[in-house]
Amino acid sequence: MQTVFALLPLAAACLAVPQFWPQLARVSHNGTTAGVSWSWAALTSVNNAAWLGYFALSGFWTALVPAISATLLSGQLAVVLARRGGGMPKRPLMLVSAWAVVLLTAALAFGRTGLGSALAVAFALQVTPSVWTVYRSEDTAGVSRGTWLFIFGELLCWGVFGIHEADPRLIVLGATGVVASLLVLARVSWPREDRAPVTLTQVP
């Protein structure tokens, strides 16, 4: 049983490395960003850069590869979304920048503990724009099920591993990720019915 738990970070890594490829491919090939949040992509890049530091300080070496992959690919996705959307949205950009400063300050002032405490709420902040956007959008054609299935699998692994290691930060990360990915998958899988068009008829 111990071997199974020890392999969970490796399983999470295998799911995390390719997870943004389906979303990048969908946006690039379909030419639509409908239902995809720029804030989610940008926050994912910032938060995974911070997780990279946390994992290094914690000695979770197998987690470095997926953290690097997620940082780079989600950052690339944010760039693609900005280009297709006419530039980076100013208010979300300011909020993402402010959050990056918070994470850096926590790490410099309080080390691993401070960074971990900030990251405990980071994923909730990260996925909230995506869930909000996908439920407000009538069209979700730009959202990739593949990416969110990968996210679900990865965060489930980290949640179970966090329970095994009694790491509350990983437990919160896993629980938040599983709930968020299920919400997004549910919205994409059961789209709203198109509203019947209103037709005007002439009165004889």
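Modeller: Before we start, one set of classes: Ala, Val, Leu, Ile, Met, Phe, Trp, Tyr, Cys and Pro count as nonpolar, Asp, Glu, Lys and Arg as charged, and the others, Gly among them, as polar. The model is predicted, so local features need pLDDT of at least 70 and side-chain atom pairs pLDDT 80 or more, while totals for chains, interfaces and linings use all residues. Residues are numbered from 1 along each chain as its sequence is written, and side-chain values use heavy atoms, with hydrogens and water left out.

Biologist: How many helices and strands are there in the protein?

Modeller: Elements are DSSP runs numbered from the N terminus, with helices (H or I) of at least four residues and strands (E) of at least two. The protein has seven helices and zero strands. Read from the N terminus, the order is therefore α-α-α-α-α-α-α. The C-alpha trace spans about 80 × 40 × 25 Å along its principal axes.

Biologist: What share of the 204 residues in the protein is buried?

Modeller: Buried means under 20% relative accessible area, exposed over 50%, and partly exposed in between (1.4 Å probe, protein chains only). Of the 204 residues in the protein, 45% are buried.

Biologist: Take A67 as a case: is it buried or exposed?

Modeller: A67 is buried, because its relative accessibility is 2%. The residue sits in helix α4, which covers residues 64-84. From A67 to L43 the sequence separation is 24 residues, and their C-alpha atoms are 13 Å apart.

Biologist: Which residues are partly exposed, and what are their values?

Modeller: A49, in helix α3, has a relative accessible area of 37% and is therefore partly exposed. Between A49 and L64 there are 15 residues of sequence separation and a C-alpha distance of 9.7 Å. Y135 belongs to helix α5 and is partly exposed, with 32%. L125 is also placed in α5, and at 41% relative accessibility it counts as partly exposed. L125 and F20 lie 105 residues apart in sequence, with 18 Å between their C-alpha atoms.

Biologist: What lines the largest cavity?

Modeller: The lining has 21 residues, and those nearest the centre of the cavity are Q19, N48, F123, E154 and L155. Two or more lining residues come from each of α3, α4, α5 and α6 (145-165). Sorted by class, the lining of this cavity has 16 nonpolar, four polar and one charged residues.

Biologist: And how much space lies in the largest pocket?

Modeller: The largest pocket contains about 250 Å³. The residues lining this pocket are S37, W38, S39, L43, P89, P92, L95, V96, W99, L125, P129 and T133. Helices α3 (38-58) and α5 (90-136) are the elements that give two or more residues to the lining. The largest share is from α5, with seven residues. By class, the pocket lining divides into nine nonpolar, three polar and no charged residues.

Biologist: What is the phi of A166?

Modeller: Most residues other than glycine have a negative phi. A166 has a positive value, near 55°. This residue is in the loop between α6 and α7 (168-189) and is exposed, because its relative accessibility is 62%.

Biologist: Where does W190 lie?

Modeller: W190 is in the segment after α7. At 68% relative accessibility, W190 is therefore exposed. W190 and L156 are 34 residues apart along the chain, and 23 Å separates their C-alpha atoms.

Terms used: 1 Å grid on protein atoms, 1.4 Å probe; cavity = no way out; pocket = protein on both sides within 12 Å on 5 of 7 lines; lining within 4 Å. Points joined across faces, edges and corners; volume = space filled by probe spheres on them.
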